[in-house]
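Try each task first, then follow the solution step by step.

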Amino acid sequence: MRRKTGVICALCLGVIFAVSAAWAQTALLPGKSSPQEVVLTRKFAMRSMNADLRDIRLKLEKGDVIRVVSPTLSIAAKAQMLPLVFEHRYENVYPVEGSDKFFKGADPAKFQAAAEYLNAQAQKFLRIASDNDLKKADQHLNRVKKACRSCHSENRGEY
């Protein structure tokens, strides 16, 4: 009975993997992704980064500096992806259900610079965390958050 259940689970996982891989091959490709998909990806990335920042804050409050590595790497990776999904405004897609915010648009070079600055701050935070210095890590987290806020204040509007 256990073996049968294991085989069924393995088959289900295989199907899910195959469907996900097929979808991922066309997701967020120029000319293939709908504006709605791109905007929803933006929203997901922003919510995910916010969750990463909360996770880091909670770990620092517990004094667990070393365990901030994973969410910080996640922020750094998303920072590199942001210019790709914020290339166009897609104002006709807004408002998005469940959100009172929209992308106002940005000069591509300035947006790229802001994303690179966020990535640099996340990388510096990683170096501080690897030194296991709670005080410096706590201080530098504010710089990471400031990088987020400066871009939001310039490029995000509210309804």
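A salt bridge here is a side-chain nitrogen of Lys or Arg within 4 Å of a carboxyl oxygen of Asp or Glu. The model is predicted, so local features need pLDDT of at least 70 and side-chain atom pairs count only at pLDDT 80 or more, while totals for chains, interfaces and linings use all residues. Residues are numbered from 1 along each chain as its sequence is written, and side-chain values use heavy atoms, with hydrogens and water left out.

**Exercise 1. Get an overview**

Task: Find how many helices and strands the protein has, and the pattern they follow along the sequence.

Solution: 
- Start with the terms: helices (H or I, at least four residues) and strands (E, at least two) are DSSP runs, numbered from the N terminus.
- Counting these runs gives five helices and two strands.
- Read in sequence order, they spell α-α-α-β-α-α-β.
- Next comes burial, where buried means under 20% relative accessible area, exposed over 50%, and partly exposed in between (1.4 Å probe, protein chains only). Of the 159 residues, 32% are buried.
- Finally, look at contacts (heavy atoms within 4.5 Å). Among those between residues at least 6 apart in sequence, 72% join residues at least 24 apart.

**Exercise 2. Follow the salt bridges**

Task: State how many salt bridges a search of the whole structure finds, then describe the ones made by Lys59, Asp138 and Asp100.

Solution: 
- The search returns seven salt bridges. As background, side chains of opposite charge can pair when their charged atoms come close.
- Take Lys59, whose side chain meets that of Asp55 at 3.1 Å, N to O. The two sit four residues apart in helix α2 (residues 35–61), so about one helical turn separates them. Lys59 counts as buried because its relative accessibility is 16%, whereas Asp55, at 29%, is partly exposed.
- Move on to Asp138, which pairs with Arg57, the closest N and O atoms being 2.4 Å apart. Asp138 lies in helix α5 (residues 134–155) and Arg57 in helix α2, so this pair ties together parts that are 81 residues apart in sequence. Asp138 is partly exposed, with a relative accessible area of 30%.
- Finish with Asp100, which bridges to Lys101 with closest N and O atoms 3.0 Å apart. Asp100 is partly exposed at 37%, and Lys101 is partly exposed at 22%.
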